[in-house]
Amino acid sequence: MPDRAEPIFTGEPELGNLYNTLRRVFREAEISTPDLDARLLVTETLDVTTTQLIANPRLTIDADQIAELERRARERLAGRSIGRILGRRAFWSLDLRVSDDTLEPRPETETVVELALTALYPPEAPTLIADLGVGTGAILLSILSERLAAYGVGVDISYKALIEARRNAERHNLDGRSSFVQANFGAALAQTFDLVVSNPPYVTTADIATLEPTVRDFDPRLALDGGMDGLNAYRAVFDQVPTMLRPGGTLVVEIDPAARDAVIYEAERRGLEVVAVADDLNGDARAVSLRRSMV
């Protein structure tokens, strides 16, 4: 990898050369997906398509665009994710804005959406949903995009995260079926819901230092730190279930696969019944569906 003090792009200011240089630099830096990251940065920063990248490698790029590509490339080399550099991330079928105030949505969290959708049957039935720790709105908005008669309330303790969630709702024309509340999980909710979903902070305090730099250094600590055993947020949510979830209603939470049994234990000792445990695409237990008793 070139010295950080030296320019990354020193050859011809042509599209193909810029892309090939960036791929090489990212490979030398042992970035996990160097070719993909290079392609995304080049196409997004230089406003070209992948087809143009392949078909017109001799396209001349102006100096200002190269300077911006250099800036973004250095951010990636410093550990910042592509999603944070570009300010958006694909999740489910949505393109979501992300900021320094939100957790960056990740593919494994789509397991929560899949499990939640199975609880909303029939699909056309009117339902009321709460998302505790809504962040970008990824889980809630994905569910609303699939269940057209549903209405959702997103809750987050971070006001700045709620701003991003509202913007994402507006971006996907879901603001008419959603509202957002600043609160600590479900403490301020006066309604009862058919479905509650949550991706709570579940990393143990001691393990935060061991996370990948893209997570450890850039995701908000408030959205990561689950306390000494990683279960603080689950206990808070499970304790609030009787006041926010209708009898027979469903709660779906994301989990650390290693904490599967501990989460289930905390839920069952509060009277919740395990309906299903769903694996992510890696085969790891990633989401648990729980039901409040009818009594």
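Student: Which helix gives the most to the lining of the second largest pocket?

Tutor: Helix H6 (residues 110–119) does, with 3 residues. The model is predicted, so local features need pLDDT of at least 70 and side-chain atom pairs 80 or more, while totals for chains, interfaces and linings use all residues. Residues are numbered from 1 along each chain as its sequence is written, and side-chain values use heavy atoms, without hydrogens and water.

Student: What makes a residue part of the lining?

Tutor: An atom within 4 Å of a pocket point; a pocket is an open set of points on a 1 Å grid over the protein atoms alone, where a 1.4 Å probe fits, with protein on both sides within 12 Å along at least five of seven lines. Glu-110, Thr-111 and Glu-114 are among the lining residues, as are Asp-279 and Asp-280. The lining divides into 5 charged (Asp, Glu, Lys, Arg), 2 nonpolar and 2 polar residues.

Student: Why are E1 and E2 called paired?

Tutor: Pairing takes at least two DSSP bridges; strand E1 (residues 88–91) and strand E2 (residues 94–97) have 4, in the antiparallel sense, so they qualify. Arg-89 stands opposite Leu-96 in E2. In the hairpin, with 2 residues between the strands, Trp-92 takes a positive phi near 55 degrees.
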